[in-house]
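Please consider the structure shown below, with attention to its charged side-chain pairs, its sheets and its pocket.

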Amino acid sequence: MIVRRVVAAALAALLTATALTACLPGDSSRVVVGGEGFIARIAGVTVSGPAGVAPEGTEVRLEAIDAPLPGDVSSFAAATGTAVSLTLDGGKLQPAEPLEVEFSVPESDDPVFVLGEDASTGTGTAFVDSQWDAERGVVTATVDHLSWFSPVAVDEKKFSDTVADWIEQSAGVNTARPDCVGADEELTFSSIPDNIVWPCATEQGDSVEFSLQSNSGLVWEVLTEPQADYEPLTALTLSGIATIELAKTVAAGLQGDTVLLPLETVKGSFELGEAPYTIALQVEPGLSQVTTLLFGLSMMFPSKWLDLISKAECLVDVVKSATSSPSGETWRTVWGCAASILTGAGGALLSILTTGPGLFATQMDGLSRELSQTNTVQFTLGYSDPTQLDDKPAGASWLYELPQEIVADPAEEVAAPVPVGDGTVVFQHSSSVWVGCEGKAHKIIFYLDGDYTELSFGLGLQAHAPEGMTADIEMRAVAEEDSRLVLPENYSGEIGRWSITRGQPLERQTVDVTGVWSVSVSAITSTPCGSADIGYAALLDAYVR
């Protein structure tokens, strides 16, 4: 009796294995849709469609294929059972009602899901709604769009690692510099740390139009002074589209005028004549982490799953409460929220990420620290000038970096907005100069200590100086050999004298300062003065080397 049972069990296993492998690529089944729908079978696969799925008489073709898994996907998913291609009327029709596809698969220690073709995802494939019955060895999928479908066994740790890699890639994403950057010779942007965005600008009629193309994996709130008019937000990616909808929901709680999403572009305009325009970017930590999550999932999650996640009330709460930099705690909250929204295959896959064997949470903590490096960026848009410098020449130091004589109002680093003609030019690396207003010149002294041979600078009155103001500027130098004399300033030699008027800055001057110990700058005006927080005049993008 025992022998018979063993033989019977072995025979049953052989028959099962034969049934699962008997269908080779190219084998197919053709049926016709009837009044009650259809059922199509090939070995190990049964497809059923309800009444009304397609017009009666429509041909259904079910064909066995080799599962075309992309490289990233095959790193964690192994095809199991029979992959199939399913078409209605030779691919001309899509089903009017969802179909049920049941796959019989070999015994598996890993959970089994179903993949299908989806051109909208990052890998060109997507998980479909399915249920895995490990006891029966059956995975059942519900599909509403026909392509190819394959049951796959998913290695949980490798899946977790791969999604973490995708998310890290999204956080470090960058874009190609567009041709419009720097194309307008009159309008110019000040330097932008780490090229967080690619900025473009041009005059159009009575406005200055600008665009900011993201070069970062973060979501940035955009604030401008004066406030710009913005075009409606658009997005090209599934994660971007979902994040826009979430951003609209929480818009009232955001500080910025709009948001800039990864890989996307913000477009706006300013009124002509109000330059310089200030643009500030500030990381939105909640949206940054949500869009990063959505980007990682969009590699293989269909749009309807992402749409459900983006509309979750718990995500709205996360964004509203996230007031600091991206953090590991927020990551866990975001993922926990997403996992609570999806059921079936989507919920099971998210459960692998949140509670599975991988080090996903640890990896996300590390990513949070990486994302926290730069949180705010500010730059200006104005009109260009030959005196402007984006950066100091090799081996040079900005003048404000030098030691100074201790006085009540020393020179300070300033991004100096200087009226020029009908516009304003911002000189980012200038040294402020106080102007004496009551008959006595104000003097500042920079110490070169004989270490430099060249001093280069422009001169101008800043935008907050009174209209019509004219200031007299004198620059003098003390030679190194005279630095040890009593009152060395009495032995100084003149470098130059200039009279500058608001709106008419002095073009760049470059003078020889070989062997110079110190340089003094004196400024005085007979124009009535008002109150100010910083000097009226400035040495524009001044440097020594």
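Asp 144 is partly exposed, since its relative accessible area is 44%; here buried means under 20% relative accessible area, exposed over 50%, and partly exposed in between (1.4 Å probe, protein chains only). This is a predicted model, in which local features need pLDDT of at least 70 and side-chain atom pairs count only at pLDDT 80 or more, while totals for chains, interfaces and linings use all residues. Residues are numbered from 1 along each chain as its sequence is written, and side-chain values use heavy atoms, with hydrogens and water left out.

The side chain of Asp 144 meets that of Lys 304 in a salt bridge, at 3.9 Å from N to O; a salt bridge is a side-chain nitrogen of Lys or Arg within 4 Å of a carboxyl oxygen of Asp or Glu. Because Lys 304 lies in helix α6 (residues 303-310) and Asp 144 in the loop between β11 (138-143) and β12 (148-154), the pair ties together parts that are 160 residues apart in sequence. Helices (H or I, at least four residues) and strands (E, at least two) are DSSP runs, numbered from the N terminus. Lys 304 is also partly exposed, at a relative accessible area of 39%.

Across the whole structure, a search finds 15 salt bridges. One of them joins Arg 30 and Glu 59, whose closest N and O atoms are 3.3 Å apart. This pair links distant parts of the chain, with Arg 30 in strand β1 (residues 28-32) and Glu 59 in strand β4 (residues 59-65), 29 residues apart. Arg 30 counts as partly exposed at 49% relative accessibility, and Glu 59 counts as partly exposed at 33%.

A further salt bridge, at 3.0 Å from N to O, is formed by the side chains of Glu 474 and Arg 476. Glu 474 counts as buried because its relative accessibility is 17%, whereas Arg 476, at 23%, counts as partly exposed. Salt bridges with shared partners join Glu 474, Arg 476, Glu 494 and Arg 497 into one network.

The sheets come next. Five strands, in the order β2-β3-β7-β11-β10, form an open sheet with antiparallel pairing; two strands pair if DSSP finds at least two bridges between them. At the edges stand β2 (38-42) and β10 (129-133), each with a single partner strand, so one side of each is left without a neighbour in the sheet. From one strand to the next the twist averages 15°, where axes are lines fitted to C-alpha atoms, for helices over the stretch in contact, and angles run from 0 to 180 degrees between N-to-C directions. Within this sheet, β3 (residues 45-49) and β7 (residues 99-104) pair over 4 bridges, and the bridge partner of Ser 48 in β7 is Glu 100.

Another open sheet has 4 strands in the order β14-β15-β19-β17, paired antiparallel. Its edge strands are β14 and β17 (229-230). β14 and β15 (residues 207-214) pair over 8 bridges, and Gln 204 stands opposite Ser 207 in β15.

Which strand gives the most to the lining of the largest pocket? That strand is β14, with 5 residues. The lining of the largest pocket holds 23 residues, with Val 181, Thr 188, Phe 189, Ser 190 and Asp 390 nearest its centre. On a 1 Å grid over the protein atoms alone, a pocket is an open set of points where a 1.4 Å probe fits, with protein on both sides within 12 Å along at least five of seven lines, and lining residues have an atom within 4 Å of a point.
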